[in-house]
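Dear colleague,

Please find the structure below, together with its sequence. My notes on what was found in it follow directly after.

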Amino acid sequence: MEAMNELFALQPFTLAFVIGIYLASVALYRRTRLGLLHPVLTSMLVIIGVLYVLDVDYEAFRQGSFLIDFMLGPSVVALGYVLYEQVRLIRRHLVSMLTAVSVGSLVGIVSVTLIARWLGADEQVVSSLQPKSVTTPIALGISERFGGIPPLTAVVVVVVGVFGAVVGPFVLDKTGVRSKIARGLAMGSSAHGGGTSRAIEMGAVEGAISGLSIGLMGVATALLMPLVRLFL
Amino acid sequence: MYAIFVIFLFYAAGLLLSKVIGGLIPGNVLGMLLLFGALLAGWVKPEKMRTVASFITTHMALYFVPVGVGLMVTTRYFAGATVAIVVASAVSTVLVLVVTAWVQQILEKWKR
């Protein structure tokens, strides 16, 4: 419907619409404490439902919600400050953290490639999945560079973030991971911003380390991808 | 305002540097690393960054929502490979989680 497309292409309207649904999703999540009701997942599905019912084009919504997308960039830059706040902790553990994230990144790229191929996925899909644990802006760059489908990468990355945030604490408890640094590092490395939003709830150390590991994982994966693809 | 200026200054510097190195590392990640370095070097006043930086990073989850809504137009790209995508992503995510945590925890114990 043309009138609806015009309404949703209007930035003030769509900003209020998205932020309103997000706030309601956060309130619902806080009240229920159900992992599956993660605010990102709930807001995504509610918005898709509303756009579908009102017959709004995705392009109109993209135009209206541009500013929220744009904030992803500055927020990654601002993580530099979050990093700085934990600088002494980070300095003492820098070598172990760089090693752990690099090994994690390697395991991530290799495992997702082998499993996806084994289950019959084509190379375009495989390339789209390889940066799945990396934060969206970096993942999109990697996906595009190596012949993936960026829209698929965007969706997989978001779902991995939600999935990691939901199962992460449970898996870490079950595998006996007690170190706060290891817990934060694993949450951010496996599930980027999604994992970090959950790590912030665990504690200040976990949150800051998780924020740091988003950057480390992005850099490690961007650097390892060309190498790994030579052998796979 | 200082904090907003600093964030965009380093974001812009990161984007430029990214172009120079052929897009190997995205600009926002380079901006993050540059800001981190500038704070360590004492070029940026950390006490003036706190409010804005913690505000925009606390609500990071919101910024993923519009990209995720892209699901409504991308399903046709991967309709045939849904099982492979779901299984490979889920298993690999748990592997990254466990391996990263274990390597870190073992290195911490080994160091003591």
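In chain A, helix H8 (residues 136–145) packs against helix H9 (residues 150–174) at an angle of about 145 degrees, and their axes are 9 Å apart. Helices here are DSSP runs (H or I, at least four residues), strands are runs of E of at least two, and both are numbered from the N terminus. Axes are lines fitted to C-alpha atoms, for helices over the stretch in contact, and angles run from 0 to 180 degrees between N-to-C directions.

From H8(A), Thr136(A), Ala139(A), Leu140(A), Ser143(A) and Glu144(A) meet Pro150(A), Thr153(A), Ala154(A) and Val157(A) of H9(A). Contact between two residues requires that their C-beta atoms, placed from the backbone, lie within 7 Å. This contact of H8(A) with H9(A) comprises 5 nonpolar, 3 polar and 1 charged residues. In this division Ala, Val, Leu, Ile, Met, Phe, Trp, Tyr, Cys and Pro count as nonpolar, Asp, Glu, Lys and Arg as charged, and the others, Gly among them, as polar.

Please note that this is a predicted model, in which local features need pLDDT of at least 70 and side-chain atom pairs count only at pLDDT 80 or more, while totals for chains, interfaces and linings use all residues. Residues are numbered from 1 along each chain as its sequence is written, and chains are lettered from A and ligands numbered from 1 in the order in which they are written.

A further helix pair in chain A is H5 (residues 66–85) with H11 (residues 204–231), whose axes come within 9 Å and cross at roughly 130 degrees. H5(A) is therefore oblique to H11(A) (angles under 35 degrees count as roughly parallel, over 145 as roughly antiparallel, 65 to 115 as roughly perpendicular and the rest as oblique). This crossing of H5(A) and H11(A) is left-handed. Leu79(A), Val82(A), Leu83(A) and Glu85(A) of H5(A) meet Ala208(A), Gly211(A), Leu212(A), Ile214(A) and Gly215(A) of H11(A). By class, the contact of H5(A) with H11(A) has 6 nonpolar, 2 polar and 1 charged residues.

Chain A as a whole has 11 helices and 0 strands. Its radius of gyration is 18 Å, close to the 17 Å that the globule rule gives for 232 residues, so chain A is as compact as a globular protein of that length. The radius of gyration is taken over C-alpha atoms, and the globule rule is 2.2 Å times the number of residues to the power 0.38.

Chain A is divided into domain 1 (2–64) and domain 2 (75–231), with bounds from an automatic or database domain assignment. The C-alpha centres of these two domains of chain A lie 26 Å apart. Their contact takes 5 residues from domain 1 of chain A and 6 residues from domain 2 of chain A.

Chain B contains 7 helices and 0 strands. Its radius of gyration is 19 Å, whereas a compact globule of 112 residues would have one near 13 Å. Chain B is divided into domain 1 (1–63) and domain 2 (75–112), and their C-alpha centres lie 28 Å apart.

Between the chains, 90 residues of chain A are in contact with 65 residues of chain B. H5(A) gives the most to the side of chain A that touches chain B, with 16 residues. That side of chain A divides into 59 nonpolar, 28 polar and 3 charged residues.

Yours sincerely

How values were computed
Left-handed = near helix turned anticlockwise from the far one by under 90°.
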